[in-house]
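This briefing looks at charged side chains and how they pair. Please look over the model before reading on.

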Amino acid sequence: MADETTEVLIVGGSMVGLAQALFLARQGIRPLLVERHAEISAHPRAQAASPRTMELLRALGLEDAVRARENPHAQYGDILQAQSLTGPELGRFDGPFRHDPNDVGTTGWTLIGQDRLEPVLREGAEELGADIRFATEMTGFTQDADGVTAVLRDLADGSERTVRARYLVAADGSRAPVRESLGIGRHGPGVFGRQMNIVFHADLDPYVAGRTFFLCFVSNPEVKGVLGKLGGADSDRWVLAPSLPPGSDHRAYDTEDCVELVRAAVGVPDLPVEVESATSWEIAAWVADRFRSGRVLLAGDCAHVMPPTGGFGGNTGIQDAHNLAWKLALVLRGAAGPELLDTYEQERAPVAEFTVDQGVIRYLQRSGLDEAAAARHRPETTVLFGHVYRSDAVLREPGQDDGSVVEDPKAPTGRPGTRAPHLPLIRQGKEVPLHDLLDGDFWLLTGPEGTPWQPAAELSQGVSFHRVGEEEAPETVERFLTRYGVTAAGAVLLRPDGFIAWRSPGPASDPAETLTGVFDTVLRRP
């Protein structure tokens, strides 16, 4: 008999695992998360939260908390290219936009290191009741038809205990011990190289010389890498991320080697430098062959790894966690059939394949792309917001379907399986972006003549209703009808993740019966 029980055991307490705990706790599920490290990493690693990630966190009321912890130089936005900090400048280019210029999302990028974002996720998850245990390692697990039994070791005192969970989410990073133990393989281009992170202290203000930049890309015979500030205006804490050749490791570089790399990046041979710590990680591209094995589900880097170019990796993992959270919650509450969890892989694996490819294309651009790769390049907005899900949790419509994993979100079709287009609604006299409302429930949106749909929505547990046009201006109504592809009496069902599950272009003879049938299909109810 297990020492304790939990609905969901999350293995891995980095960005994706913490996001998984947060999203589950918001759904009313109290997960147990274990992380073998004693504390959150001091290394920034991922450098930005994408507009889609921010959209999900904004709905939970966390946007202000995240933006308050932005990187010190986030407000500058652009990226400097130079031989060294004191050497010739090679140019500048725009970093991620902090505000969406295309009216596609509700908010923009937040330029925040993983070391600054993870505490916000952890605090939010714990406030909602998640049980998060650092310095705790899962040493083994077995699964059966009803759940998973895991052995946990407290690394502070060495004691062990067993926990019984209905499901296990593996968010244990690119080394993926859980995936490896399940015998799940991976496929893709493989390893391109290795990146080292050196966190150090040095007075660089004289060499910054009043210039403004978010990051500085340096390139000279001694070092190629990225330089960024970690502390505030009065801090001397920086990070240098130099590229290493394949097969190299940070452990081959002692403190003096790290000091010399920093000096080469700054361009000052006798610069006083204090190295705080160093680590390294692979630049690679691959996708797991499966995202699920029985009661175990993979999320984040253990399911897919992509180059850092584009900032897609960690953000894709957070969106994995969000997709999985509402499905797990409904299954655990008995409101959906267990087959709903099959749609996690159906939806997220194609997105991972596409996004990995886009990351690789951006990574290889520096050395020149062949015509075939260049033709596959898609704009950032499409990569972030244009996903098209084809799964059993979407009621696809008959007609032509080119099978593309994405569509242009600036020209949305409103078809089931796509993200609900941005829409400014009026709720209780105040304008509220649609995606701000999507924090756990399904939503039924109708046109101005959609009143007959309201009783049907009220009969369906976990469904909120909004008639576009009750308070909205005519131009908003027209925008809704055009972008969602319905008439004034039509309806659109949005899932908790903001994707369209189904739409009725016009009225239904029996809205309640129609909606019941839709939910039976989407939620895989017998």
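Arg 495 is buried, at a relative accessible area of 0%; buried means under 20% relative accessible area, exposed over 50% and partly exposed in between, with a 1.4 Å probe and protein chains only. This is a predicted model, in which local features need pLDDT of at least 70 and side-chain atom pairs count only at pLDDT 80 or more, while totals for chains, interfaces and linings use all residues. Residues are numbered from 1 along each chain as its sequence is written, and side-chain values use heavy atoms, without hydrogens and water.

**Salt bridges overall**
- Side chains of opposite charge can pair when their charged atoms come close.
- A salt bridge is a side-chain nitrogen of Lys or Arg within 4 Å of a carboxyl oxygen of Asp or Glu, and the count by this rule is 32.

**Pairs that involve helix α9**
- Arg 495 forms a salt bridge with Glu 347 (2.6 Å, N to O).
- Glu 347 lies in helix α9 and Arg 495 in the loop between β21 (491–494) and β22 (500–504), so this pair ties together parts 148 residues apart in sequence; helices (H or I, at least four residues) and strands (E, at least two) are DSSP runs, numbered from the N terminus.
- Glu 347 is buried, with a relative accessible area of 1%.
- Arg 348 and Asp 320 meet in a salt bridge at 2.8 Å, N to O.
- Arg 348 is in helix α9 (residues 342–364) and Asp 320 in helix α8 (residues 313–332), so the two tie together parts 28 residues apart in sequence.
- Both Arg 348 and Asp 320 are buried.
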